[in-house]
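Student: Before we look at anything, could you walk me through how a careful reader takes in a structure of this kind, feature by feature?

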Amino acid sequence: MITRRHFVRSMTVALPVVAMPACEDGAEQAVAGTLDAGVLRALADVLLPSELGGAGLDAATAGFQAWVAAYRPAAEAEHGYGTDEITYTSPHPGPGWAAQLEALDLESRQRFTVGFAALDTSRRAGLARAMLTRERATAFPPPAEAHTVALGFLAWYYATPGASDLCHGADIGARTCRPLDRLPEKPVARAPGV
């Protein structure tokens, strides 16, 4: 005869093995965070400041792609000072943004017979401007909450310390830690184009 205690004990050993779900999060995240690098880099060329130069635009494109790939939807977000309200991150923008980049490239091929990356700067800027006019934002939203990849990219870039440094022409290092003894020092001026 099997006692309840014996049954529960045998189930506690068996349940963890049976209840373990198959792990596919890595594959889903890879798909969710994949953005066409060539189209995104061509978009960066007309969205971001030209002062960045080629290397800076490459770095910004790679940084944005890494941010999208690492984004975790429905994760507990940091809450503000003095509040106990717990908020969660937005749904993953990657799939929608990837589709927008694909549509942008397709529109370019249909209208101009070449892909978006091969277009001249003025036509690329026109298509990017058209994408941005679909947004109804009056200010940069949190990057993941932007409806278009163009606004998401801009919002992400202008929240980076490098954007602040470029705007002020000095190595300010916004949102980074400096030792307290260096706080009175004036930020070092940046050379033009750096």
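**Salt bridges, helix faces and confidence**

Student: How many salt bridges are there here, and by what rule are they counted?

Tutor: The rule asks for a side-chain nitrogen of Lys or Arg within 4 Å of a carboxyl oxygen of Asp or Glu, and by this rule the count comes to 4 salt bridges. Keep in mind that this is a predicted model, in which local features need pLDDT of at least 70 and side-chain atom pairs count only at pLDDT 80 or more, while totals for chains, interfaces and linings use all residues. Residues are numbered from 1 along each chain as its sequence is written, and side-chain values use heavy atoms, with hydrogens and water left out.

Student: Which parts does the salt bridge of R41 and D58 tie together?

Tutor: The side chains of R41 and D58 meet with N and O 2.6 Å apart. R41 belongs to helix α3 (residues 37-47) and D58 to helix α4 (residues 53-70), so this pair ties together parts that are 17 residues apart in sequence. Helices here are DSSP runs of H or I with at least four residues, strands are runs of E with at least two, and both are numbered from the N terminus. R41 is partly exposed at 22% relative accessibility, and D58 is partly exposed as well, at 42%; buried means under 20% relative accessible area, exposed over 50%, and partly exposed in between, with a 1.4 Å probe and protein chains only.

Student: Which residues of α5 are buried, and how are they arranged around the helix?

Tutor: The buried residues of α5 are G94, W97, L101, L104, D105, S108 and F112. Seen down the axis of α5, they fall within an arc of 90 degrees, so they line one face of the helix; the arc is that of the directions from the helix axis to the C-beta atoms. On the other side of α5, E102, Q110 and R111 are exposed. The 19 residues of α5 reach 26 Å from first C-alpha to last, close to the 27 Å expected, where the expected span is 1.5 Å times one less than the number of residues. After α5 comes T113, whose phi is positive, near 65 degrees.

Student: What covers the buried residues of α6?

Tutor: The buried residues in α6 (residues 121-133) are R124, A125, L127, A128 and M131. Seen down the axis of α6, they fall within an arc of 165 degrees, so they line one face of the helix. Their cover includes α3, α5 and α7 (149-158), while S122, R129 and T133 are exposed on the other side of α6. R123, also in α6, is partly exposed at 41%, and its C-alpha atom is separated by 9.0 Å from that of F112, 11 residues away along the chain.

Student: Where is the confidence lowest, and where is it highest?

Tutor: Confidence is expressed as pLDDT, the predictor's confidence in each residue, from 0 to 100. The protein averages a pLDDT of 80, and 78% of the residues score at least 70. Confidence is lowest in helix α1 (residues 4-19), at a mean of 45, and highest in α3, at 97. Over residues 11-32 the pLDDT is below 50, and beyond near neighbours in sequence this stretch has 10 contacts in the model, a contact being heavy atoms within 4.5 Å. Where pLDDT is low, the predicted coordinates should not be read in detail.
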